[in-house]
Structure formats: C-alpha cells, structure tokens
Amino acid sequence: MLEKIEKIKADINGFSGISDEEIEAFRVKYISKKSIINDLFEKFKKLSVQDKKKYGQTLNQLKRLAKDKLSSFSNSTKKQDAKNNSTDYTLPAEDDTVGSLHPLRIIRNKIIKIFRDIGFSIEDGPEIEEDWYNFTALNFPENHPAREMQDTFFISKNPDVVLRTHTSNVQIRLMEKEKPPMRVIIPGRVYRNETVSAKSHCFFHQVEGLYVDKNVSFRDLKDTLYYFAKEMFGEETKVRFRPSYFPFTEPSAEMDISWKDGWLEILGSGLVDPNVLKNCGIDPKEYSGFAFGMGIERIAMLKYGIDDLRLFSENDKRFLKQFRGVR
Ligand code: DAH
C-alpha cells in the first residue's frame, strides 16, 4: 500500500496539465468519488487497527496533496484570465447597469398624458417631407420671407424635398386624409440649418396640436392651453397671449407663462387659416380649428434648469444619469 501511495504522490507532484479538460481529468482521477485515492480509503477501512495506524496519516496527506494541487490550478487559471482580459475581478462593480429615461422623453410623455386626458389622440408623420406639406399647403407663399424664418435643409430641389422644419407638416397630412372632427397632438423631431450652439441646434423636438370641428373658437384654444400650462408648470401658473404671425393661422398668438418674476414664451398658436383648411379639402364655412406648436427642449430646459441645448444629444452619462428614477 505504501508503494502505491508513493507512486500516486509522485504522479500528482509531476502533474502539469493546464487546459480545462486536463484539470477535470485530474479531479476525476484523484478527488472524485471514483478516484484512486477514494479506492485506497475503501481498502483502508478493511485494514486491521494496527495497519490503520500505519497508513492513516500518509493516506490523509495524499488526499490533502491532491486537493491543494487542484486549487493551485484553479487559482492560476483565474490569474491567467485576469491577465488576458486586463480586468481586475476584485474591484467593486460599477453601478452603471440602471438606465434612465432621456429628459426629452420624460417631457414628451408628460405632454402626451396631459392632452390624452382631454381626448387628444397621438399622431406621427414623416421627417423627410415634400415642399407642399412643409410649406405650400400651410399657406407659405412662394418666395415669401416667411420661408426664410425657418432655415431649411434641402434633400432635393425641384421637386423640393426637405427635412421638415416643424411638425406642422402632419396637420396637412391628417386633414387631407380624415374628415373633422379631429383632435390630435403630433410629437416629433424637426430640423433647421442653424449653427450648433448652447442656444440653437440643427435638430430639436416639437409637439404640434390640432383641433378641427364645427364652431371651434379662440376661446377653446385659450382654455385648452391654459389647462396645459397649469398641468405642466403648476396650478399657480398664469398665461398671457401676445399677437403674432404664422402663415398657417389667423389670428396667431404666442403664449407666455408666468415664470419666476416675469414671463416666458412657451408656444405658438392660432386659429387654422381658412386657406389651409381649403388646401386640405375642408370647407372653412362649415369647420374651424385651432393649432399650436411647442418645443420639447425648451420646456425641459425650464423645468430642469438646463442651459445648453447640446447636452440633449451628446449622450454624456454624467448628464443622463441625473434623470434616473424620474418619470
Ligand atoms: N410651426 C411653428 C414653428 O415651428 C410653431 C407653430 C406655431 C405651430 C403656431 C402651430 C401654430 O401649429 O399654430 O415655429
């Protein structure tokens, strides 16, 4: 028996396998229930008390030796792995696994909820758009300076195809397709050929609103937008309408909200110009409507105290993770 033990000892000491298969074979041969060392222990049980004394210690040492050898292998493979991946497994994990909603998404969702609660549905439309939908049907006259109010990215000239400069294009698409009454909001991305800076960007997001029915008045417009302002900015919020100009509304107004000690412009609005209704095959003698358009970035900047538009599209985690848990 001693001879056998010595032989196994020598084998174990001489073992130099490194692959996973070799190490597993080592485990089966020397450690597992079916191992040759286990066999020896079985035989050991049947020995006389005297023999047990003789072999007991050596046999236990052999078992220890096999176990130590196995754990030295798994330690050195871990070290090897760490070297290969240059990853330090002992460092604490970075808490980077939980994402957050983008602030523009949070504000967009809030706007959608506010209007959905009063019966508006949500619509969508193309970002690459024909001149007709982005300008002409919206009552922008050919070569009129109003077109220059919105620096346009052209995809092609003649026929003119543009990156839409506002979400108002979807007003036309919907009114051409459906008959009133309609009550929709249209969130989406828009593009303008502007130099990127803290205050302007070549793309941003708007929410358009459109309500067309019989006898829609300016009063309906004001009620709706006043309700929106209170829901979005708080019950105490006051609103103020200032006369303005948009080709597609008549009359047109910009709405300000009370903010800190003053007023801040928040959206453009007006009653849908009869020409626009006509362009879409809707009789302006029978129907009237109101429309409005607001910038999502602007509202997010106000609500979260953000002062640089570029932050919204840089995907800087230090910025984004501040919105963790905000819905
Ligand atoms: N389209 C306008 C813009 O981008 C915003 C706007 C103003 C939309 C008045 C409207 C409206 O529907 O009635 O500046």
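N139 counts as partly exposed, at 21% relative accessibility; that label covers the range between buried, under 20% relative accessible area, and exposed, over 50%, using a 1.4 Å probe and protein chains only. N139 sits in the loop between α6 (131-134) and β3 (154-156). Helices here are DSSP runs of H or I with at least four residues and strands are runs of E with at least two, numbered from the N terminus. The phi of N139 is near 75°, a positive value in a residue other than glycine. Most residues other than glycine have a negative phi, and most peptide bonds are trans.

Before going on, please keep in mind that this is a predicted model, in which local features need pLDDT of at least 70 and side-chain atom pairs count only at pLDDT 80 or more, while totals for chains, interfaces and linings use all residues. Residues are numbered from 1 along each chain as its sequence is written, and side-chain values use heavy atoms, with hydrogens and water left out.

N158 also has a positive phi, about 55°, although it is not a glycine. Its place is the loop between β3 and β4 (161-163), and N158 is exposed, with a relative accessible area of 74%. Turning to the peptide bonds, the one from P180 to P181 is cis, with omega near 5°. P181 belongs to the loop between α7 (169-177) and β5 (182-191). The bond from E250 to P251 is cis too, with omega near -5°, but here P251 lies in a strand, β8.

Now let us move to helix α10. Which of its residues are buried? In α10, these are I296, E297, I299, A300, M301 and L302. The cover over them includes α5 (103-116), β6 (203-213), α8 (218-233), β8 (249-259), β9 (262-272) and β10 (288-295). After the helix comes G305, whose phi is positive, near 65°.

E297 deserves a look of its own. It lies in α10, which spans residues 296-304. E297 is buried yet has no salt bridge, and R189, the nearest side chain of opposite charge, is 6.8 Å away. A salt bridge requires a side-chain nitrogen of Lys or Arg within 4 Å of a carboxyl oxygen of Asp or Glu. What does the side chain of E297 make a polar contact with? Its partner is the side chain of H205, at 2.8 Å. A polar contact is a pair of N or O atoms within 3.5 Å; within protein, one must be able to donate a hydrogen and the other to accept it, and residues adjacent in sequence count only if both atoms are side-chain atoms. Leaving aside neighbours within four places in sequence, E297 is in contact (heavy atoms within 4.5 Å) with L104, F204, H205, L309 and F312.

L309 also gives a sense of distance: its C-alpha atom and that of G119, 190 residues apart along the chain, are separated by 32 Å. G119 is in the loop between α5 and β1 (121-122).

Elsewhere, charged side chains do pair, and the count comes to 14 salt bridges. D11 and K7 form one of them (3.0 Å, N to O); being four residues apart in helix α1 (residues 2-14), they are separated by about one helical turn. R27 and E24 form another, at 3.0 Å from N to O, and both lie in helix α2 (residues 20-30), three residues apart. An α-helix has 3.6 residues a turn, so residues three or four places apart point the same way. K230 forms a salt bridge with E235, the closest N and O atoms being 3.7 Å apart. Salt bridges that share partners also join R240, R242, E254 and D256 into one network.

Finally, the ligand. Oxygen atoms of the ligand lie 2.9 Å from a polar side-chain atom of R192, 3.1 Å from a side-chain N or O atom of Q171, and 3.3 Å from a backbone N or O atom of F292. Taken alone the ligand exposes 350 Å², and the protein buries 90% of that; these areas come from the Shrake-Rupley method with a 1.4 Å probe, and for residues only the protein chains shown count as cover.

Notes. Lys and Arg count as positive and Asp and Glu as negative; His and the chain ends are not counted.
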